[in-house]
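Here are my notes on the model, as numbered points. Have the coordinates open while you go through them.

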Amino acid sequence: MAASEFRVVDAHQYDYRSPGRWIVSHLVRRPLLPLVFVLSAIGMALLQSRGAVLTGEAFDAIVGGGDDRIAAFLAVVLLILAVRLSFGLVDLLNSFLAQWLAQLIERDAREELYVSLLGKSLTFHNQQRVGDIMARATNDVQQLNAMLTPGASLIIESLISIVVPLIIIGSLNPQLLLMPLLFLVSFVLALRHYSAQLQPVAGALRGQFGTMNARLAEAISGIEVVKGYAQEAQEQARFEANAQRYRDLFVREGGVQARYLPLLLYGVLVGLGFAHAAWLLIQGQLTVGEVIAYMGLLEILRFPTFISTFTFALVALGFAGARRILQTITTETELDENVGGHRATIAGAIRFADVDFGYETAAQPPPWPGAPEIPARVVPVLRGVSFAAAPGQTIAVVGQTGAGKTTLTRLINRTYDARAGVVSIDGIDVRTWNLDSLRSQISTIEQDIFLFSRSIADNIAFGVPGVADRAAIEAAARQAQAHEFIMALPEGYDTVIGERGVTLSGGQRQRIAIARAFLSDPRILILDDSTSAIDSATEDEIQQAMRQIMRGRTTVLITHRVSQIRWADRILVLKNGELIAQGTHDELISQSAAYRRIFVRLEEPEQGATTWAL
Amino acid sequence: MGFVMDGLDAEAYDRSYGDRALIRRILSYFRPHLPRMLVVSSMVVATSVAATVVPLAISRAVDELSGRPDLQLVLSLAALVTVLGALGWVFNFVRQTFSARAVGDVVLALRRDAFRAVTQRDLSFYDQFPSGKIVSRVTSDTQDFATVVTLTIDLLSQILLVLVITVVMFVVDARMATVVLAVAPVVILTALVFRSAARRTTQRAQRALASVNASIQETISGIAVAKSFRREAAIYADFHATNQLAFQVRLRQALVFGSLFPFLNTVSGLAAALVIYVGGLSVIDGSVNVGDWYLFVQSLAIFLFPLTSVASFWSQFQQGLSASERVFALIDAEPRVVQTAAEPVGVVHGELAFERVWFTYDRTTPRFDGATPPALPTGATWVLQDFNLHIPAGQTLAIVGHTGAGKSSLMRLLTRFYEFQGGRIAIDGRDVRQLELGAYRRTLGLVPQVPFLFSGSVAENIRYGRPDASDDDVAAAAHSLGEEWLADLPEGLATDVGERGARLSLGQRQLVALARVLLQDPAIFLLDEATASIDPFTEAQIQEGLDVVMRQRTSIIIAHRLSTVRHADRIIVLRHGEVIEEGNHASLLRQGGHYAELYNTYFRHQSLDYKPWEG
């Protein structure tokens, strides 16, 4: 079993070897449902064929004459009634089963994907865009549903409702099989030809719609730039070119769809089939009723002929979705809970010894048909990073966006594992620590603070559910300078945050996160403070809260604020993944030109102004 | 072919155009394609006729076969059926290709009109419509627009077919025709009843699905928090319950959908048995012959199926009309910014003046001449009242003030993104409303708070305002901002900036925007400084780059950075659209007035010696 950070007890094990097997393993999990589905489809086809034959018999009963023809006719009509009614019932059963199966597979696949997402390491999550994952968990999962019903279930029904009438036709008179068999062969060929023609055009059309949409969205979001630079005409020309290409593809697709040959084949089949049957009747080999039965049986073939284009497209979409879902589920995650690992109270010494880290990008399928596959590769992020922090120290990490600051902090709580070198806490390699013990003593306050759509109290107590009472939550909020603004909210601590509740400002979210950290009382604190407060009053409160929480804990602080950098115990200057300088402010001012440069403009003219600071 | 359950999730939409006006306007887009539409319509008729003749021919032949068959006649009837089958395909082919062309061209024309209209609107229009909505109106709604017409053609062809068959049936035998016709209301009623049941369950199912998706979204967005506090099991339990609930609700919906066709099939099965029964008796009493009997058996299926699509037509049609209306609303929106002339701009020195300018965001207030403004509707306020400001050429002016003081409004009026109601704005003494708008805007170099980049390379973005600029010019502009920022870009000028510049940091995007301004070489530079924090290294590069851009240029900056106010030639303090203080940083700070208060609010914490915890 693959490594995972989270599992569900007794989860059903599906087959991950290919999308097809995966779908099948979902279906056979409850074998009775698909079995009864197929049986009911066969039953439907049999009843439908029987109905056609009986209609023929009704005609024979009347045309054939005889004294008791009314009685015979009435018997046949009653039979027809019975057959049609039972057809309705079996149809209902069949339809229910199809819907049920489709909903089940959607539910189960979603659950499976969700659990596997929970089990993935943050390395995985940080490489994915939320939008991509959401697309898989929503669209792709729903496409599975549509692929099964109406997609696959219609295909199975179509197949059965071609085979069964043919058997019945054979039993009427084997010679009658001639035309339907010819039709069947040419139908299969025509269908293959059709989908081979349609797929590239339909794909190109969808792609072009995306291109047109993306460029349009860009032009409209950037309308200030477009207008500011008087580039309206250029944008119009660009959009019109895109819209024209879309129009051309649309017309081409319409042309392919208009040439759907199976329709022609079916039209011809009706005529030729009838001629054949009539000829056999004149030869004395068929009755009128049998001709009518035969025509009725041919009528059953009409539906599969019409519907196949639609169903095959659905199944192809569903398969593509299944492949993407499976790809996500089977992506290996490298971290494990490490249940038997080291457990201890952390003192707070952090040490990096020659640490390298890089993201491994997965091999990508070719971007367009015929292109080579994009191979997996490692994108280096950190190289040869070494430093040490004593318990209780504050370490400021500075550097440009993309220099590797956030990555460096994420190696500490094993969000990622180093590719080379050792990250240790209290002298013990983080990989030796029990993951629970390690993470529960390290708190991270991210740059973009995520709060769940629950009450503020629940959010603050998120790390210690059920343990903290309201008094403890309030105490934490007070320490985080958050109590006052929380009390000003309509329902105080019970105010719900998020889409269905109130929206908090960045500074308020930051203080809630600090309160959350107070409650979980971590030994090591990772603080990403690179967002900015707009006004000094908010900033005063945040900085006071930060000072409070940093006291007595080892803190790794990512910050853009020169005033904070200045007072840190140790400053790490990162550039392109390398530690180009480290030391105290005074040491760096004398040693590092890059570091000195950031203070030049701020120290410049009047020192008088800075005395204004409170 | 219309499915009964289509168009269930149609939204209620407030309509401001009448149905007739709307349809007339839709048809005007189809008018250039009248010949094509005529072909399409004649194909619709031909298809209906062919579809009716086939069962007639077969019935005639069956009748022949049930007596003493004439081989010649039967075979020629069979040949007729074959030819009609092939012709039906041809009719359909012609109809589909022609309508694809007509629809493709109409959608293209509509998209072009819509986008042109959109690019000609001033920015007050964009405040009204979020960009996502504009995009969907231009791309998706235009597509739905065309469906109104194709849907109508489809419906007409179905109705035509039903009518033709009805007539034929009545001609053949009125009694049996009445039997068949009696089933029609049952089918339509069934379809309608199912639709209203489906509408209710669909809404519930959509809500259930939305809450599952929201739950997944929240988990993925908050995964880092959940993991760092090890709360996976708890959020899984929440999800599991939501997913299970959604399953139940959606299964109920699926079962409603799934029972429609079995039900309709049963109805038509019973009708078939009835037709066979009545027909058989009629043959015995001699009122119809065997062929006609068979004709009714065949006609039943052709007759009933189109009826189901009638049920869904109306809501789909309304949906199409709403889409059209949304598109026309885009096209018809009135532009607010009006130029009174289009004089060539010529060489600009960069002296600016606001003279007794009045401005409100209220879209209903018209422009006025003279000194007395019209009364504003309730709720609306003047952002600028009788506002005056003179900026000499070459000055660096920093504007400070609280949110809502009117800082951005000044910029928006200068760029002519919004129209002002009274007074005059002049550049080198000339009224900006009289200048050729595109040329005037090219004399302004604008860098907004969050600079917008188009997907493409850094070089392409620098070149955006001057598509004809050479590679050397682009490189020169980029290099004049310093070398370090280029070295930090992984592939230098060729670096792909990603969608909306997402692959670059905010600071890097600002540097690209500055290079873009340098290449454009405008007389006036307008900067709305970022409020977001930028790492100190990139910040230093930006500040150095700004020095280059502001040299020799009139510069107006909405200042958020301490270093900017310190270096500005002149600072104006804005409150409620009025200049309440002006001077330079040192003198204003000494005064201890409004500027000092603003400094204490917005700039104090940027100072090097900031230490609130010791306060």
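Which backbone nitrogen lies 2.8 Å from a polar atom of the side chain of A:Glu218? Point 2 has the reply. Before that, some housekeeping: this is a predicted model, where local features need pLDDT of at least 70 and side-chain atom pairs count only at pLDDT 80 or more, while totals for chains, interfaces and linings use all residues. Residues are numbered from 1 along each chain as its sequence is written, chains are lettered from A and ligands numbered from 1 in the order in which they are written, and side-chain values use heavy atoms, with hydrogens and water left out.

1. The A/B interface. Chain A puts 159 residues into the contact and chain B 153, contact being heavy atoms within 4.5 Å. About 15100 Å² is buried between the two chains, 67% of it on carbon and sulfur atoms; buried area is the accessible area (1.4 Å probe) lost when two parts are put together, summed over both. The rule finds 9 salt bridges across this interface (a side-chain nitrogen of Lys or Arg within 4 Å of a carboxyl oxygen of Asp or Glu). Among the salt bridges, B:Glu484 pairs with A:Arg597, with the closest N and O atoms 2.2 Å apart.

2. A:Glu218. The nitrogen I asked about belongs to B:Ser455. A:Glu218 sits in helix α6 (residues 178-221) of chain A; helices are DSSP runs (H or I, at least four residues), numbered from the N terminus. A:Glu218 counts as buried because its relative accessibility is 3%, the cut-off being under 20% relative accessible area (1.4 Å probe, protein chains only). Not counting residues up to four places away in sequence, A:Glu218 touches B:Phe452, B:Phe454, B:Ser455, B:Glu499 and B:Arg500.

3. Helix α13 of chain B. In this helix (residues 471-479), B:Val474, B:Ala475, B:Ala477 and B:Ala478 are buried. They are on the same side of α13(B) because they cover an arc of only 160° around the axis, taken from the directions from the helix axis to the C-beta atoms. Their cover includes α12 (458-462), α14 (484-488) and α15 (506-520) of chain B.

4. Domains of chain A. The assignment, automatic or from a database, gives domain 1 (14-172 + 311-334), domain 2 (350-441 + 522-612) and domain 3 (450-508). Contact between the latter two takes 6 residues from domain 2 and 4 residues from domain 3. Domains 2 and 3 of chain A bury about 390 Å² between them, 53% of it on carbon and sulfur atoms, and the rule finds 0 salt bridges there.

Key
Buried < 20%, exposed > 50% of the residue type's maximum accessible area, 1.4 Å probe, protein only. Helix = DSSP H or I, 4+ residues; strand = E, 2+ residues; numbered from the N terminus. Polar contact = N/O pair within 3.5 Å; in protein donor to acceptor, adjacent residues only side chain to side chain.
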